[in-house]
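Colleague: Please take a close look at one part of this model for me. I would like to understand its salt bridges.

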Amino acid sequence: MNLEVCIGKLRLKNPVMTASGTFGYGEEYAEFIDLNRLGAVVVKGLSLMPKEGNPTPRIVETPSGMLNSIGLQNIGIERFIKEKMPFLRQFNTAVVVNFFGDSIEEYSAAAGRLSCVEGVHGLEMNISCPNKQAGWSIFGTDPKVTFDVVSAVRKQTDLTLIVKLSPNVTDIALLARAAEDAGADALSVINTITGMAIDIHTRRPRLANVRGGLSGPAIRPVAVRMVYEVKQAVKIPIIGLGGIMNSDDAMEFIIAGASAVAVGTASFVNPLAAIEILDGMIRYMKMHEVEDIGSLTGTLNVS
């Protein structure tokens with residue numbers, strides 16, 4: 001069986017990746033699983049300078065999922081390069097660095113700095129961030145702004161550039177096409193869905209920041225639908241994510257149009273989730289006598 005998939009210039013040994021923000025910088029999970037078995041480790045989102053994140057409480061469990069309002073807390077690019085990359089270089093697994101900014105200039109600078117780091121194989125842009133140059137509107141909700149920021153980053157890097165799309169839009173296909181036209185090599189579909197929870201006894205929000213990002217099984221049907229819609233709109237590869245808990249979930253995304261999948265919230269519940277999902281996908285291929293995982297991408301029969 002051939003499990004290899006290509007995401008831009010990246011050739012992954014298998015289609016199972018970790019989702020940014022749920023796997024730390026890789027080292028946190030190394031005592032539980034063999035990182036060499038993963039297709040790629042996608043690290044926690046990084047900014048040019050360290051970021052403290054939002055006040056607590058900032059995680060709330062919900063039925064079939066969780067809300068988080070971490071606020072993109074991270075150690076900053078320079079500390080990541082110095083403190084985390086030496087560990088990650090030990091493994092024969094692709095390293096994809098998720099990054100963000102609050103201006104086009106910050107995105108560009110971050111991409112340029114990360115592109116010259118040994119052992120970084122790809123970049124994932126989080127465009128679900130406020131744009132201080134446009135009244136703090138979200139980059140990934142406007143096709144023109146999406147095109148502009150991706151175009152600027154494309155000029156700064158030759159690495160595989162993945163754009164992580166926000167689901168909090170009317171038509172995700174429009175944003176997908178904008179990112180593709182601007183030079184993205186692949187798309188991650190989807191990021192978290194904005195939600196909130198209220199303590200009815202105190203009548204206060206359960207998150208200090210009031211709103212947060214909903215992840216977990218509750219959003220999977222929405223994510224699968226959006227992967228299917230994006231697949232109809234673009235030619236570049238799609239990484240599917242959103243509530244994948246087992247290999248059946250992962251195969252839904254592949255059949256809907258994803259070339260690879262990213263495991264996120266499941267790792268909080270079960271640190272072995274990503275490897276168990278990979279093993280389950282292999283069993284699926286054996287059961288259905290599939291020789292190449294790529295042959296299943298986008299094979300949904302709607303007739």
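Modeller: Start with the term itself. A salt bridge here is a side-chain nitrogen of Lys or Arg within 4 Å of a carboxyl oxygen of Asp or Glu. Keep in mind that this is a predicted model.

Take Asp148 and Lys144. They form a salt bridge, and their closest N and O atoms are 2.8 Å apart. Both sit in helix α3, which spans residues 143-154. They are 4 residues apart there, so about one helical turn separates them. Lys144 is exposed, at 57% relative accessible area. Asp148 is partly exposed, at 28%.

Now look beyond that helix. By this rule the count comes to 9 salt bridges. One of them joins Asp279 and Arg37, with 2.7 Å from N to O. This pair links distant parts of the chain, 242 residues apart. Asp279 lies in helix α8. Arg37 lies in the loop between β3 and β4. Asp279 is partly exposed, at 27% relative accessibility. Arg37 is partly exposed too, at 32%.

Glu78 and Arg113 also meet in a salt bridge, at 2.7 Å from N to O. Glu78 belongs to helix α1 and Arg113 to helix α2, 35 residues apart. Glu78 is partly exposed, with 44% relative accessible area. For Arg113, also partly exposed, the value is 30%.

Some charged residues join in a network. Arg220, Asp249 and Glu252 are linked this way by salt bridges.

Last, the wider setting. The protein chain has 28 positive and 31 negative side chains. The centres of the two sets lie 5 Å apart.

Definitions and conventions:
Residues are numbered from 1 along each chain as its sequence is written. This is a predicted model: local features need pLDDT of at least 70, side-chain atom pairs count only at pLDDT 80 or more; totals for chains, interfaces and linings use all residues. Side-chain values use heavy atoms; hydrogens and water are left out. Lys and Arg count as positive and Asp and Glu as negative; His and the chain ends are not counted. The place of a charge is taken as NZ of Lys, CZ of Arg, CG of Asp or CD of Glu. Helices (H or I, at least four residues) and strands (E, at least two) are DSSP runs, numbered from the N terminus. Buried means under 20% relative accessible area, exposed over 50%, partly exposed in between (1.4 Å probe, protein chains only).
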